[in-house]
Amino acid sequence: MERILVIGGARALGAAVARRAAENGYEVVIGARDLAAAQLLAGEIGATAIHIDLQDETTIAAAADRLADGIDHIVTTGSAPHDVRAVELDRDKLVGAVTAKVIGPMLVAKHFAKVLRPTGSIVLFSGVVGWRPGPGSLVKGVTNGAVEYLARHLAADLAPVRVNAISPGVVDSGAWDRLGDNKAGLLSKSAAGTLVGRHGETEDVVDTVMWLLRAGFISGETIHLEGGARHKTA
């Protein structure tokens, strides 16, 4: 049985990935900053919970030591959004955002390189905003764009372990529920901005993750999962 570590796996997309992986017969380890939430989900799906905070290297190192008998796949969905314009930047939040998306996954690679089996893989998460600049998306755009380069360089550095990234568009994963009544408008606008005429669903992302785990001849790539939004001109 292959073992998969889902970092950020206690909620939203990470939780959906963890659930599907368990259904597909993987031994699932849920890594999360909120250990209690991870333990709750782990109990539901027959997984193991472990504390990992992408902004705290000691937790990453401890997790790698705990899983020293081997990991086949790592999926990291962690983020720390700081959606403001340049004049409103907060340095600590900026550093947190970069750490969650870029530095944290680098440190995961550092500590888990000795644990990952050579036939295994890492799946990172980027986002369409990296290719679609707009006011207030500076931090998210730069960090998501950096993930594409991170996937390329880690793939070369960790070979033969495969490293790829998924770059979703707007996905109704629960992350937008905080918008309340404005959520429907966001999803409608997103659908109109794609070539396929709809917004993304959680299952679109989970299906792609599961495919990448098995796609043994793909490494160093970013899979754009946004309905052709980057190519919509009007």
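Start by selecting strand β5, residues 116-125. This strand is mostly covered, with seven of its ten residues buried. Bear in mind that you are looking at a predicted model.

**Either side of β5**

Now trace the chain from β4 to β5. The path runs through helix α4, residues 91-112, and this β-α-β crossover is right-handed.

Turn to the other neighbour. Strand β6 covers residues 162-168 and pairs with β5 in the parallel sense, over five bridges.

**A look at helix α4**

Go back to α4 and select T99. Here the helix bends by about 55°. Then move to the start of α4 and show D90 and D92. A side-chain oxygen of D90 comes within 3.0 Å of the backbone nitrogen of D92.

**The whole sheet**

Zoom out and display the strands together. Which order do they take in the sheet? Read across: β3-β2-β1-β4-β5-β6-β9, seven strands in an open sheet with parallel pairing. Select β3 (48-51) and β9 (222-225). Both stand at the edges with a single partner strand each, so one side of each has no neighbour in the sheet. Look along the sheet for its twist, which averages 20° from one strand to the next.

Now focus on β6 and β9. They pair in the parallel sense over four bridges. Pick out A165 and T222: in β9, T222 is the bridge partner of A165.

**Along α5 and just past it**

Select G141, which is in helix α5. Is G141 buried or exposed? Its relative accessible area is 12%, so G141 counts as buried. G141 touches both, not counting residues up to four places away in sequence. For a sense of scale, draw a line from the C-alpha of G141 to that of L213. They are 26 Å apart in space and 72 residues apart in sequence.

Next, follow the chain into the loop between α5 and β6, where P160 sits. Select A159 with P160. The peptide bond joining them is cis, with omega about 15°.

**T202 and its surroundings**

Jump to T202, in helix α7, residues 202-214. What does T202 touch, leaving aside its neighbours within four places in sequence? Its contacts are L13, A16, V171, D172 and S173. Look closely at D172. The side chain of T202 reaches the backbone oxygen of D172 at 3.4 Å. T202 has a relative accessible area of 16%; it is buried because that lies under 20%.

**Last stop: A12**

Finish at A12, in helix α1, residues 12-23. Check its backbone angles. A12 is not a glycine, yet its phi is positive, at about 50°. Its relative accessibility is 41%, so A12 counts as partly exposed.

Terms used: Residues are numbered from 1 along each chain as its sequence is written. This is a predicted model: local features need pLDDT of at least 70, side-chain atom pairs count only at pLDDT 80 or more; totals for chains, interfaces and linings use all residues. Side-chain values use heavy atoms; hydrogens and water are left out. Buried means under 20% relative accessible area, exposed over 50%, partly exposed in between (1.4 Å probe, protein chains only). Helices (H or I, at least four residues) and strands (E, at least two) are DSSP runs, numbered from the N terminus. A crossover is right-handed if, with the strands pointing away from the viewer, the path from the first strand over the helix to the second runs clockwise. Two strands pair if DSSP finds at least two bridges between them. The bend at a residue is the angle between axes fitted to the seven residues ending there and the seven starting there. A polar contact is a pair of N or O atoms within 3.5 Å; within protein, one must be able to donate a hydrogen and the other to accept it, and residues adjacent in sequence count only if both atoms are side-chain atoms. Axes are lines fitted to C-alpha atoms, for helices over the stretch in contact, and angles run from 0 to 180 degrees between N-to-C directions. Contact means heavy atoms within 4.5 Å.
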